[in-house]
Protein chains: 2
Amino acid sequence: MREQAAPPSSEAVRPATFVEAERLSAKLGCDVTLAVESFQHTGSFKFRAAYEVAARVPQRKLLTASSGNFGAALARACRLLGKSCLVVMPATSARVKIDAVRGYGGAVDLVDVTTKSRAARVQELAREHPDAYVASAYDDPLVIAGNASLGREIACSGRGFEIVVAPVGGGGLTSGIVTGIRESGASIAVWGAEPLEGNDAARSLAAGTLLSNQTEPRTIADGARTVSLGQNNWAILREGLAGIVEVPEEMIIDGVRLLFLLANLKAEPTGALPVGAVRTSPERFAGRRVCCVVSGGNVDPGTYRRILEGI
Amino acid sequence: MREQAAPPSSEAVRPATFVEAERLSAKLGCDVTLAVESFQHTGSFKFRAAYEVAARVPQRKLLTASSGNFGAALARACRLLGKSCLVVMPATSARVKIDAVRGYGGAVDLVDVTTKSRAARVQELAREHPDAYVASAYDDPLVIAGNASLGREIACSGRGFEIVVAPVGGGGLTSGIVTGIRESGASIAVWGAEPLEGNDAARSLAAGTLLSNQTEPRTIADGARTVSLGQNNWAILREGLAGIVEVPEEMIIDGVRLLFLLANLKAEPTGALPVGAVRTSPERFAGRRVCCVVSGGNVDPGTYRRILEGI
């Protein structure tokens, strides 16, 4: 087998698109700039971590469970690096998401989650493929290292941010941002924006110990339907976060609508969590220079249409 | 009155956002990069020209007729320059558009177009305000000079474009792009994308003389509902355009959908004309490095929802 030289992450990953959101700022009462990852490869920040994982591990085969953005991101990263990728997805996944993984060259293993969990299927496949690396979408030091590039971009943007607000699901994004900002020697407060429906991270921070949701939360922010923070991420976030805003469902939806109306931006619900957080707790952000991380734009047309119906 | 120094256009205007559209390229069969103006001030390329006009004319008061993007752009430019702005709009305009002009500090004069034309109302107001400059949204050398900055950005992007495709309405954008590319010493073919429903520019090019539509065309691309090209623009376009693709309505809609699905981009129908043009005449663009200009993102939620229904 011919060894391929991996392009460095700085070439493979696209920088975030910074959008100064003048009308949104007027509405929110603070000076908002969006750090947009909707135009990242595969349409979300997940490619940053997926590429880092796929490039750094020695295995030529990667295996992961994902119903969303990480699967597509890992598939594209593996194709770029000449590796193979197998993504376990629920059989009920939206066709558009299955097609995205396949379109980026990934193999898809569909599992009937009413008879077998995704985790159980991943374990089965890991036994069948002992040479494969089992990649977590969030709980892996390489994931944090990959996402740190976004923190560095925010710190080095020359925009004088006082606060960054980013979505919290498994915590891979926020722990990466905290790490990247520290590496840059900058001092910017990092706030998490978490769905109130699945507020394990906020409860963990309050309790000082890692807590879980009883079940996968039923929030519209499908990128934040995690049962708990990753262990690696918690170690960073427990002292690295300035705080977490718990965002009610209606404020997540409001965030998607405001991004559409006042910033011409198509955001997925998870990506609108930070704007929803500012709407939820405006007093925390009033008059400050705030960077809201719009983590991705992959929302299916039906969901998006229903969200726009209320305007 | 205190004279204000006008910020140079290079500081007041935002550069276009270039998005390499990998999945869209695979679908269209050519190497597509989007030059996106949806994140320009006021959400469309119109701010480039509006700022140039407002900054260069000596008058402190500007008057224009616009039902859409130019009014908002001129209002914001005038506010920035400490000038006043009056925009004549049909009384039937969408509330969101009237609010946008007012939000940027412009005064709005609503006219009942069933009893008086917008042009007639502008003439009335021009007599009432002899000190005002009556600004055309497209037929003015200053408009071309303002839009030329986008041509320079495209030429100097280092992306090796062979072809640029941009929407054609009154011709202000394409004549600006042709001018800017020439100023940069680059050689890139500029194609126009015009609604088939209002194909006056395509017919003019074929006839070698400036022709008009009988009435304002009823295309969904509301930025291209012009009766004819401007005289100033025609002088440049008659020999500056490589050609014009006439885009059927269903291909304009298809363009909006493809930008949503494959590039995470909210585009207004006029902004999707270039992608619609590549879909309409794929053989002209096959395998080439193509820059599609997405001229703006200001589409109201109801229209956008109806467009997404077909996916």
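Predicted model: local features only at pLDDT ≥ 70, side-chain atom pairs only at ≥ 80, totals over all residues.
Colleague: What does B:Gly146 touch, leaving aside residues up to four places away in sequence?

Modeller: With contact meaning heavy atoms within 4.5 Å, B:Gly146 touches B:Arg48, B:Ala49 and B:Glu52. The C-alpha atoms of B:Gly146 and B:Ala54 are separated by 10 Å, although these two residues are 92 residues apart along the chain.

Colleague: What makes β5 and β6 of chain A edge strands?

Modeller: In chain A, 4 strands form an open sheet in the order β5-β4-β3-β6, with parallel pairing. Strands β5 (107-111) and β6 (132-134) of chain A each pair on one side only, and they are the edge strands. From one strand to the next, the twist averages 25°.

Colleague: How do you know that β3 and β6 of chain A pair?

Modeller: Two strands pair if there are at least two bridges between them, and β3 (residues 61-65) and β6 of chain A have 3 bridges, in the parallel sense. Within this pair, A:Leu62 stands opposite A:Tyr133 in β6 of chain A.

Colleague: Why is the relation between chain A and chain B that of a two-fold axis?

Modeller: A rotation of 180° with 0.0 Å of shift along its axis superposes chain A on chain B, with an RMSD of 0.0 Å, and therefore the relation is that of a two-fold axis. The same surface serves both copies, as 100% of the contact residues of chain A recur in chain B.

Key. Residues numbered from 1 in each chain as written. Chains lettered and ligands numbered in written order. Heavy atoms only, no water. Least-squares fit on C-alpha atoms with pLDDT ≥ 70 in both. Helix = DSSP H or I, 4+ residues; strand = E, 2+ residues; numbered from the N terminus. Axes fitted to C-alpha atoms, helices over the stretch in contact; angles between N-to-C directions.
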